[in-house]
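Open the viewer and get ready to click. This tour tells you what to select next and what is there.

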Amino acid sequence: MIRLEKRPEPSSLWTAVTPVLAVVLTMIAGGILFAALGNEPVIAIRTIFWDPIFGEFAFYYRGQLLVKAAPLILIAIGLSLGFRAGIWNIGAEGQYIIGAICGAAVGLAFYPANLWIVFPLMVIAGAIGGFLWAMIPAILKTRFNTNEILVSLLLVYVAEAILAWMALGPLRNPEGAGFPGSRNLRQYEAAANLELIEGTGIHWGVIAALIAVIFAYVLLKRHMMGFHIRLTGQSPRAARFAGVNPNMLVIFCLGLSGALAGLAGLFEVSGPAGQISIDFNVFYGFTAIIVAFLGRLHPIGILLAGLLMALTYIGGEAAQSTLGLPAAAIQAFQGMLLFFLLAVDLLTNYRVRLGREGVA
Amino acid sequence: MSVKSILGTAALAVGLASAATAQDDPLKVGFIYVGPIGDGGWTYEHNEGRLAVEEHFGDQVETVYQESVPEGADAERAITQMALQGADLIFTTSFGYMDPTINVAQKFPDVKFEHATGYKRADNVSTYSARFYEGRAVQGYIAGQMTETNKIGYIGSFPIPEVIRGINSAYLAAKEVNPDVEFNVVWAYTWFDPAKEADAAQALIEQGADVILQHTDSTAPQAAAEKAGDVYTFGQASDMAEYKPAPRISSIIDNWAPYYIDRVQAVMDGTWESTDTWGGIGTGMVGIGEITDAVPADVKEGALALKERIGSGEYHPFTGPINRQDGSQWLAEGETATDETLLGMDFYVEGLEGEIPN
């Protein structure tokens with residue numbers, strides 16, 4: 001007989017161990033999946049987890065890991081603050097898109113002037129764009145008590161429609177022979193977010209992600225706002241007695257996560273992506289939700305989770321082209337990671353007991 | 001700066017080395033796909049081309065592919081990855097891979113690249129596409145006679161010249177045989193998204209369309225039409241034969257196999273050069289799938305005759321007089337469209353309603 005017994009306190013040991021356990025379980029289950037598809041499971045797992053970091057072409061992949069992880073971490077850090085306080089911004093994807101559009105629009109407005117001020121202005125515009133887009137669910141929640149989960153999520157689809165409009169209309173490259181998509185910002189020196197050291201993958205977005213991690217860490221540990229966020233998450237009533245203004249907290253958490261998502265979009269559009277195009281967004285905003293939880297809503301955890309998630313993407317792609325694994329198998333593999341994480345999470349709050357329940 | 005140049009040289013050296021060692025090995029040919037190989041449409045046909053290459057060359061080639069690669073930053077990595085792993089020839093099979101292909105090609109001068117449907121070339125980058133609009137004319141000819149409500153629905157993917165060309169071509173052919181015909185265009189903003197495509201088809205059917213043309217790659221519109229009943233569709237990019245004899249009454253089939261085999265052969269022979277290929281019905285790159293018995297015999301006969309005339313070059317689907325939507329003259333009597341104007345086509349012809357989104 002297996003019983004679950006609620007722990008009086010969440011176990012701090014299991015809080016740290018469960019993500020690692022989830023990764024190990026994912027590797028085992030993934031190995032079985034790959035074996036069922038006719039691949040050597042060990043080679044497949046090695047291709048995904050080992051080769052990008054230590055393999056023959058690691059000099060290229062390591063940089064790509066940072067490129068892929070940076071937006072995930074930047075967005076997830078912002079989301080984690082709200083999630084801790086029970087404020088659910090599910091629409092980071094939309095804020096990411098709007099940030100990219102605003103930032104790119106500012107850059108394109110200056111084209112072809114090569115002024116140093118262009119890129120800083122784009123960064124500011126990107127952050128403001130994401131902030132304002134997040135203010136829609138924030139203000140609707142504080143004024144009319146609407147559900148921020150629904151509003152922020154549905155605004156993603158609005159943002160996607162605006163993105164298509166921008167790529168086809170106002171921001172379309174006038175020298176692009178009628179094809180959709182803006183000018184390539186990477187080819188416009190003043191607006192380009194290129195690698196700071198060639199071959200390392202480090203661009204401004206990577207730096208910003210690191211700063212965000214440190215900022216969130218300090219905020220949560222040392223700052224009153226961080227205390228309010230944690231308190232509201234644990235006990236909303238107690239928080240109110242402690243003088244927390246719930247509306248201010250909604251504005252702060254949604255606004256900050258929106259601004260960070262907007263920044264991520266700006267760094268992506270001016271760097272790796274290069275241009276506003278109809279399908280510019282590739283679900284970083286949604287994947288970041290997984291990253292936030294995988295990282296236990298803790299800044300350092302998110303940093304590691306972002307890198308791990310990036311690794312499954314990069315390694316997964318490598319496994320596709322070298323081993324011929326179908327893309328769906330890789331997606332299933334990534335899904336397993338979240339599934340196992342949620343499953344073993346149980347161990348944090350519950351203890352597994354064998355044997356019969358004692359007679360009291 | 002020194003770190004920069006060392007890393008740059010290292011990357012290049014590996015690129016060169018992998019290309020050099022490839023001499024004795026089988027030729028490695030890579031394919032980057034925008035959808036899953038089981039999409040039953042665009043990517044499916046490119047993958048058929050890959051399989052044809054394997055079959056034709058046997059042990060002389062090794063093919064690799066990556067499916068569902070998003071168009072953007074991820075594409076550049078996927079292509080780089082293939083080049084690093086020693087691919088000698090890489091086909092990037094969607095419009096959105098244009099800039100990534102050019103960027104990667106600069107870093108790997110010894111690898112040959114082939115980009116489908118784009119317009120940017122380099123010494124080691126060719127472009128290729130098919131004159132789908134020729135097939136569209138045949139579809140329009142059939143559709144114009146099959147509709148009873150005189151309303152034809154059209155699921156557009158993105159408002160780019162290739163798609164606009166298809167709409168114009170189908171409309172002109174339909175109008176020719178049925179002056180009362182109206183086109184209703186819905187933009188799905190995707191190449192492959194069964195849910196969105198089904199929604200679009202449903203919306204068109206509810207607005208009275210009884211024939212649906214699609215420029216998206218899934219079979220979802222066929223399924224929606226089957227459910228609605230009395231609605232006809234055409235296979236897109238692939239035959240979509242599972243919906244025969246109705247709702248699917250014919251199809252445009254992209255046949256990339258001969259081109260892929262030619263290009264692989266050229267790399268093997270050392271005769272590969274950067275080229276721009278635009279094949280049509282005549283070269284076999286565009287095929288017309290079986291016209292089913294749901295189509296009256298005389299219509300079928302006429303459609304096949306039209307296909308014949310287009311294939312032989314006797315007839316051009318864009319032959320004047322044709323006006324633009326705003327009424328201004330585009331082609332004078334007897335004049336045919338140049339490839340240049342077709343490649344940049346960003347306007348509807350006269351009679352089409354609605355605006356191209358921009």
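Select B:D230 in the loop between helix 8 (220–228) and strand 9 of chain B. Helices (H or I, at least four residues) and strands (E, at least two) are DSSP runs, numbered from the N terminus. Phi of B:D230 is near 55 degrees, a positive value in a residue that is not glycine. Is B:D230 buried or exposed? B:D230 is exposed, because 11 other C-beta atoms lie within 10 Å. The cut-offs count other C-beta atoms within 10 Å of a residue's own: buried means 20 or more, exposed 12 or fewer, and partly exposed in between, with C-beta atoms placed from the backbone.

A note on what you are viewing: this is a predicted model, where local features need pLDDT of at least 70, side-chain atom pairs count only at pLDDT 80 or more, and totals for chains, interfaces and linings use all residues. Residues are numbered from 1 along each chain as its sequence is written, while chains are lettered from A and ligands numbered from 1 in the order in which they are written.

Next, select B:A237. This residue sits in the loop between strand 9 and strand 10 of chain B. B:A237 is not a glycine, yet its phi is positive, about 70 degrees. B:A237 counts as buried, because it has 28 C-beta neighbours inside 10 Å.

Stay in that part of the chain and pick B:P247. It is in the loop between strand 9 (232–235) and strand 10 (248–254) of chain B. The peptide bond joining B:A246 and B:P247 is cis, with omega about 10 degrees.

Now go to B:P321, in the loop between helix 10 (297–312) and strand 13 (322–323) of chain B. Here the peptide bond from B:G320 is cis, and omega is near 5 degrees.

Colour chain B by domain. Domain 1 covers 2–130, and domain 2 covers 132–253 + 287–343. These bounds come from an automatic or database domain assignment. The C-alpha centres of the two domains of chain B lie 32 Å apart. Across the boundary, 13 residues of domain 1 of chain B are in contact with 14 residues of domain 2 of chain B. Contact means that the C-beta atoms of two residues, placed from the backbone, lie within 7 Å.

Last stop: show chain A and chain B together. How many residues does each chain give to the contact? Chain A gives 33 residues and chain B gives 36 residues. On the chain A side, helix 13 gives the largest share, 5 residues.
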